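Good morning, colleagues. Please have the sequence and the model open before you while I go through a few selected places.

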Amino acid sequence: MRFKSTILKDSVDQSVVCIGWTGNDEIIIGRSDSTLSKWSQATKENIKLCDISDESSYPIDLHMLSSTQRLTNKTAGIEQILITTSNGKLHLMSKITKIDKTVEAHEGNATVGKWSPDGSTLLTAGEDGSIKIWSRIGMLRTKLIVNAEPILSADWNSDSSKIVYTQHDTLCIKSLKANIKTIRIRGHSDLILKVSWCRANDLIVSGGEDCYYKIWDSYGNSVFVSEKLTHPVTSHCWKSDGNLLVVSCYNKILLCNQYGIVLSTDYVDCGSICSLCWSPDSTQVAAVCANGRLMISTLVERSISRRNFHCLITSRKTMTVKDVLNETKENLDFPERIVHVAMEYNHLIVTTCTQCFVYQMPNLNTPQIINLKDTNVFMIILTEKYFAILSISRVDIYTFDCKLVSSPKWPNMQCDIIQKNHVSMSDHILAVRDQLNDKMIHVFEISPLSALPTIKHGFGVTDVQLMTTKIQDKRYLALIDLSMNIFIVHIGHKDGAKTYKLGSMFHSMCWNSQTESLAALQYTNLIVWYDPLLLLNDQILVRKSLEKSDLSFYGNKLNIELYEDNMVSLINTDGVKVFVQVSPYLEALKNYIGSSKWMECRTVCRDMKNEAMWALLAGSAVLAKQLDTAEECFLAIGQIERATFIQHIKTISDRTVQESSLALLSGKISEAESILLRNGSTFKAIMFNVHIHNWSRALELAVKHKKYLNTVIYKRRNYLDFYKKEETNDKFLKYSNIEIDNEEVLKEIEIENEKQHL
């Protein structure tokens, strides 16, 4: 991936000082002669729009209100363009040919003008050392900062609650809430020229005259420090999804990943680059050069690989698809610029500025075409049955025949800031984390479209992954929260979404669609749970049925990219891919379990002599009530007490008691009790709770059914006498004065045992 840059020498006759995209192919330009013009990439025409102010001043900063911000703020007539000038004025424009309002904002240059992410407020900063917050119509709300040092750069965070600004060589993070101390970091050894705060990943990047660019988290902790460049860092800008960062200095543009690692370097002959701005579709970057020219840099050589196919975007409108097995190559030409490419499940999806092309692999001759309802596409997600197109204002789910299935909507819908790990789709369900409240996950049935109960978690959610399965009743979601705990959520449970904790200190995960196993990273260890759903029934078995790989050799900043077949693909911060193989016998064992071929399952486990395989088979055999297989499995993993209990179950002649014992073996205590009660075995249900020392429940059943109360009290007193303890349970203290005839109770127990053949 790299930039292909073009300096527009013929189209611009005056010095360009600030820019902003008004569409995917049109740029608003502020010039040194104090005029505003529009340049079209399609027609190459430059049209003057209006004069900003008198000739003694010129524009310094220009910020366009994006489509998402306008959708978030429903107020009609909201200004769309914000311009600050060298005479300290702030200009607001709702039409690109007319200035609606001009405000005296600062003394000297007004260096910064920024709309808040929600579009309701704006900030300005100036050489007078002040930062002011204004309403959307230009009314002063507060003078937030008053300093002696000029402020050269400032930016908002994602929820408009904080700002970051520069003060000489110091980086300052200021909350808009009262009584919260400002975080100050001396981030550079010389003047800081530019600071940017990414809405998607909440990271801050700063660059200055010390020739370094540095990345910080929202609390001011250092994340990355670059190597020293040859010239000062004059500008930088985050891509909207936070996956790419572009940094500029003298005659050079650096394309970096989200961790700051340089992916490519583009050398241009334009002097220092003063300002950078990504296009709405995130495929181009417009730049203001020190020589007064406008430069357009287009992302090329983007690539994607799946199985034996490799796709490479060779230019703005062409791409190459190569089959590495057959050694065939096809060139695809498109009428417009390629925006997004996704490939999975034998389908290739390509979106251009206005259309979507759907190819069925390996046939690339006749694609099906969709006219996009919203041309600003940010993400494409594929499943085996559907694909979803996430654009700036909507989500559309289609079949591969290009038939629209549904268009889900949810509160606070801002698709352009959704990260890849915040949304997941299976063949039946769509799950997406709320963009403003990170503790909420919206869940939708895809066909027919219906909103399922929202999942509310105790901590902020950082990763969401739906289990991909063909079985519609299997609706499970894995999530990782800010505490780095990983959970399995049962969607559609009768008691609502039920959550089970799987482990701690995890930061990346991925499901396998073939085996329904789950891979996750715990520091530098790769953990693969062969069947994480065992957690719902048996926490001991789920801890035994896993595979662990030490990846410390590859560093501590790995992320899982894909888990397909028996291979886990990981990538580190340098862009280096690491492949880890999972046992190839796992898929064979899962297929045998699904086909109820228990003898073949036992044969595989005997040959492998793998404890994780035996544990997986043990859990599956218990659920399928295959006692012989389960007994052998428990013996193989050293669970002697369970194997003995299975031998006891085999000797039980009473069908009800046997079913209850099997439920108990699976860890389903409430179900074991319910089986006994449904079959009228009240005494057995009470004694069952006595044996597992669930005394309160045993007493509750005795009182409810008005019998065997003396038996429960007798057993309780014997238990306390044996351990030489005093009664502390309030429920039993009520019956402390009751005198019980021990012989009568023992006789009652004996009669019940004989009656029910225990």
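Ile751 sits in helix α14, which spans residues 742-755; helices here are DSSP runs of H or I with at least four residues, strands are E runs of at least two, and both are numbered from the N terminus. This is a predicted model, in which local features need pLDDT of at least 70 and side-chain atom pairs count only at pLDDT 80 or more, while totals for chains, interfaces and linings use all residues. Residues are numbered from 1 along each chain as its sequence is written, and side-chain values use heavy atoms, with hydrogens and water left out.

Is Ile751 buried or exposed, or does it fall in between? Ile751 counts as partly exposed because its relative accessibility is 44%; buried means under 20% relative accessible area, exposed over 50%, and partly exposed in between, with a 1.4 Å probe and protein chains only. Between the C-alpha atoms of Ile751 and Arg642, 109 residues apart along the chain, the separation is 30 Å.

I turn next to Ser161. This residue belongs to the loop between β14 (154-156) and β15 (162-167). Its relative accessible area is 17%, so Ser161 is buried. Not counting residues up to four places away in sequence, Ser161 touches Lys174, Ser175 and Leu176, where contact means heavy atoms within 4.5 Å.

Now to a pair of helices. Two packed helices are described by the angle between their axes and the distance between the axes. For α8 (residues 655-665) and α9 (residues 669-678), the angle is about 170° and the axes are 7 Å apart. Axes are lines fitted to C-alpha atoms, for helices over the stretch in contact, and angles run from 0 to 180 degrees between N-to-C directions. Helix α8 is therefore roughly antiparallel to α9, a label for angles over 145 degrees.

Which residues of α8 and α9 meet? From α8 come Thr656, Val657, Glu659, Ser660, Ala663 and Leu664, and from α9 come Ile669, Glu671, Ala672, Ile675 and Leu676. These divide into 7 nonpolar, 2 polar and 2 charged residues; Ala, Val, Leu, Ile, Met, Phe, Trp, Tyr, Cys and Pro count as nonpolar, Asp, Glu, Lys and Arg as charged, and the others, Gly among them, as polar.

Finally, the protein as a whole. It has 14 helices and 55 strands. Of its 758 residues, 55% are buried. Taken along the principal axes, the C-alpha atoms fill a box of roughly 110 × 70 × 50 Å.

Technical notes
Angles under 35 degrees count as roughly parallel, over 145 as roughly antiparallel, 65 to 115 as roughly perpendicular and the rest as oblique.
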